[in-house]
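Me: I would like to learn how to read this structure, feature by feature. Where do we begin?

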Amino acid sequence: MSERHVTTRRGFIAALGFSAVSLYGAWAAYGAAPLPFGGHKGAAASEPDAHDGHGGGHGGHGAAEAPAEPAGHAGHGAAAGMTPEEFRSAHDAFVERFTQKDGSADPHAAVEAHAHGGHGHAGAGHDHASMGAAMVAAAEPVDVYLMAQKFAYSPDVLRLKAGQPYRFRMMADDITHGASIQLGSASRIIRLRPNVVTEQTITFTKPGAYLVYCTVYCGPAHDAMQGRIVVG
Amino acid sequence: MDCISTPVATADTRPRLTARLAALPRGDASLFRLLFGAALLALALGLAGGFVTALARARALNLFGDDAYRVLTLHGVSVFFYWLYLIQAALLLVLAAAENGRGLALRPLAWLGAALMLAGFAASEWISAIGTPLLYDGSPELAVDDPRSVGVFALGYLLLSAGLAAAAVSGIATLLQPRRRGEAEAFSAIGFALFAWAGFLIVSAIAATNAFLPGLLWALGAGPFPADHGTEWHILFHNLHYLPLMATVLVWYVLTQHLTGVTSIHGARLSKIVFAAYLVFVPPTSLYHMFLEPNLSESVRVVGSLLSLFVSVPTLAAFAIIVSSLEASARARGATGLFGWMKGLPWRNPAMANMGWAVVNMLVGITFAFVLIQEKLAPMLSDTFFVPGYFHFFAVGVLTQTFLAALMVILPALGGGALWRPDLLRRMPALVTLGLLIFGTAGIAAGVMGVPRRVFDVGYGGMAPAAWPVLMALVGVGATLFAVALSVSVYGVVRTLLSRRAPATAESRRVDWTDGQRGVGAVPAWTGPLSVAVLIATMYVATIVAFEIIQSLPIVAIGGGHGH
């Protein structure tokens with residue numbers, strides 16, 4: 001009675017079925033899998049944090065796998081449990097306050113105005129105060145508001161600075177949209193659900209003009225839904 | 001310890017599949033031919049819609065606005081719902097009837113199921129052609145001011161679901177009949193797989209009802225707006241992926257036995273475990289479809305990624321069983337050479353060619369699927385053309401070619417006539433695969449660069465990278481090639497269905513490796529392990545490339561991490 005070769009045994013065949021699980025090794029090496037022996041921390045990009053507009057919790061703690069978060073959230077409580085109504089109000093104030101003559105929105109314009117004795121608190125509400133506080137310290141993220149709606153972004157052009165972290169607060173106003181930022185060799189996609197405030201802290205490391213476009217079909221003019229982020 | 005003297009496979013003493021099919025009652029054969037015909041019509045419509053879509057995206061056709069998305073809707077609805085579900089219902093019933101040996105049980109229920117599915121088909125195609133484009137998921141938020149479109153669209157899928165459930169119940173009753181008659185004590189491996197598959201189809205029907213009934217009720221003024229459609233859709237969508245894959249593996253078992261006489265050398269029990277594993281591994285792996293959902297927590301994303309690593313377990317195990325059984329049987333009959341044994345397979349049979357190339361497509365598709373299931377990579381790839389770039393390897397290369405292979409065997413046996421031009425048909429799978437490689441390579445590259453999945457004009461007023469339109473033109477070239485080659489296969493199968501010419505003997509296009517099985521497995525069978533090793537290596541390369549790209553982007557993006 002001769003034995004079967006190992007390659008024709010049931011145990012070996014069954015083990016082959018699990019072979020794809022070994023891909024975990026690559027994930028761990030890039031810090032994308034929760035193992036203490038994982039590779040360099042923060043190698044992989046982390047995910048957006050969402051606030052459901054009803055005081056919903058922060059389930060995400062992906063920062064452990066990501067680069068160090070910009071320090072401090074003092075004075076930036078608006079995002080925590082921000083309701084859609086609060087978002088709309090803050091967005092409207094942001095657009096009103098920072099829109100430039102060419103139609104773009106530049107959250108640093110007010111900093112310059114402050115520095116030159118300007119008074120930037122045109123509207124009411126703590127969001128404006130937090131915007132001003134954020135702009136005092138360069139290491140602190142600056143609040144930016146982006147609203148997606150059929151078939152445009154508001155504001156449709158943002159002027160930002162390289163190396164400066166921005167706390168993007170985003171929401172779809174009507175139906176589901178995407179906000180994908182084209183970054184050269186690839187894009188970064190954020191899916192925006194109606195009345196769900198999504199927050200993500202973003203730092204652009206290189207100057208340039210980046211296309212923002214919708215990646216979720218939203219109607220007949222979906223193809224035309226685009227904006228720009230100009231990083232100086 | 002496995003020994004070669006161990007009875008490695010229970011010889012199937014029943015008549016061959018084609019003989020059992022030919023002996024089925026005429027009424028059953030008529031039902032099967034009706035369902036196969038409807039499925040092929042859905043495939044033809046979907047293929048035409050997909051071809052036009054690809055040409056429009058390549059800017060070879062000018063389609064804009066609603067017209068473009070209406071064509072895309074027709075493509076998705078026809079292929080992903082009606083082709084894949086009608087063919088599954090038909091194959092389940094015909095294989096169950098053949099397994100039973102005496103035809104269908106609960107025959108009126110099977111006919112009722114067919115009628116419901118055909119009614120759903122008509123409703124869905126009609127509203128897709130004239131209504132607000134809702135794409136194949138029928139999202140109600142796209143038509144808040146057009147309840148008719150939402151309602152009829154949902155009604156179509158609900159009818160399909162009801163019909164599918166009825167057909168599955170008939171299939172289950174058919175499979176149980178021999179045991180109830182005392183003619184069988186246990187399921188064969190294929191009988192068990194059919195039973196599990198039928199149960200899974202019923203679960204899918206329930207998931208579809210859960211997803212689309214609220215839309216119908218809202219359209220009728222009898223319910224609130226279905227705001228949770230997205231979540232319910234994801235549950236259904238996951239089933240939509242893996243049910244046809246399970247069916248594909250089952251068809252591979254059936255065709256392997258039919259074309260070579262080889263059954264699993266590892267015994268029916270391991271095969272049954274593998275088929276049962278679909279029920280174990282598929283449901284928990286659905287989270288990767290939702291990685292971009294803003295209200296999905298990071299911890300759930302991590303767990304979802306880890307679970308997704310197991311999604312391929314049953315499919316790879318089934319692949320290994322089939323390949324090792326074939327190789328060991330061939331070597332027991334004296335085949336030599338590392339891969340030389342494969343020359344003995346009946347490649348002149350178009351069914352074998354379709355099945356063989358389907359396996360190649362599966363290995364390519366899995367490679368890229370495993371890039372997408374990583375939650376850190378999802379923000380770069382989800383919602384981009386990466387998704388259609390890789391899943392067409394599955395939808396066209398694996399599923400459609402496998403099901404066409406089944407039809408090439410089944411239809412002549414059901415009295416459809418001789419297979420149309422087999423020497424031409426056997427060459428098509430290679431062309432389909434070549435087209436898919438062009439389509440998939442360009443599409444995956446486009447997706448990695450960020451080309452959105454559902455945008456026809458990717459120029460964005462000159463803001464988009466110059467490579468985007470070029471890559472989409474290549475996608476159009478690949479789509480043209482595989483669409484033409486697949487159309488030839490579909491035409492051949494339709495001609496076979498409609499033919500009245502008596503089938504010629506197909507014995508010359510089969511081999512019989514059932515003899516000489518004593519000694520099976522004594523020598524190495526490396527094809528399966530080597531294939532899997534190559535697969536894992538390419539998965540590693542693809543994953544590493546994706547990680548390197550996402551790290552090289554001029555952006556640092558992090559979540560909230562507020563600590564509360």
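**Strands, interfaces and helices**

Reply: Begin with one residue pair. A:Tyr210 stands opposite A:Ile229 in S12(A). Keep in mind that this is a predicted model.

Me: How many bridges join S11 to S12 of chain A, and which way do the two strands run?

Reply: Strand S11 (residues 208-213) and strand S12 (residues 226-231) of chain A are joined by 6 bridges. They run antiparallel.

Me: What is the order of strands in the open sheet of chain A?

Reply: Read across the sheet: S4-S12-S11-S7-S8. That makes an open sheet of 5 strands, and the pairing is mixed. Now look for strands that pair on one side only. Those are the edge strands, S4 (157-160) and S8 (187-188) of chain A.

Me: How many helices and strands does chain A have?

Reply: Chain A holds 5 helices and 12 strands. As for burial, 50% of its 232 residues count as buried. Sequence separation is another thing to read. Take the contacts in chain A between residues at least 6 apart in sequence: 62% of them join residues at least 24 apart.

Me: S1(B) is a strand. Which strand of chain A is joined to S1(B)?

Reply: Strand S10 (residues 197-204) of chain A, by 4 bridges. The two run antiparallel.

Me: Let us turn to chain B itself. How is chain B divided into domains?

Reply: Domain 1 of chain B covers 20-227, and domain 2 covers 285-552. Their centres, taken over C-alpha atoms, are 22 Å apart. The contact takes 29 residues from domain 1 and 27 residues from domain 2.

Me: Which elements give two or more residues to the domain 1 side?

Reply: Helix H1 (17-22), helix H2 (26-57) and helix H3 (65-100) of chain B. H2(B) gives the largest share, 15 residues. By class, that side of domain 1 has 24 nonpolar, 2 polar and 3 charged residues.

Me: How should I think about positions along a helix?

Reply: An α-helix has 3.6 residues a turn, so residues three or four places apart point the same way. At 1.5 Å a residue, the 32 residues of H2(B) should span 46 Å. The end C-alpha atoms of H2(B) are 46 Å apart, so the two agree. After H2(B) comes B:Arg59, with a positive phi near 65 degrees.

Me: Is H7(B) mostly covered or mostly exposed?

Reply: Mostly covered: 26 of the 32 residues of H7(B) are buried. Helix H7 (residues 229-260) of chain B reaches 46 Å from its first C-alpha to its last, close to the 46 Å expected. B:Gly261 follows H7(B), and its phi is positive, near 80 degrees.

Conventions
Residues are numbered from 1 along each chain as its sequence is written. Chains are lettered from A and ligands numbered from 1 in the order in which they are written. This is a predicted model: local features need pLDDT of at least 70, side-chain atom pairs count only at pLDDT 80 or more; totals for chains, interfaces and linings use all residues. Domain bounds come from an automatic or database domain assignment. Two residues are in contact if their C-beta atoms, placed from the backbone, lie within 7 Å. Ala, Val, Leu, Ile, Met, Phe, Trp, Tyr, Cys and Pro count as nonpolar, Asp, Glu, Lys and Arg as charged, and the others, Gly among them, as polar. Two strands pair if DSSP finds at least two bridges between them. A residue is buried if 20 or more other C-beta atoms lie within 10 Å of its own, exposed if 12 or fewer, and partly exposed in between; C-beta atoms are placed from the backbone. The expected span of a helix is 1.5 Å times one less than its number of residues.
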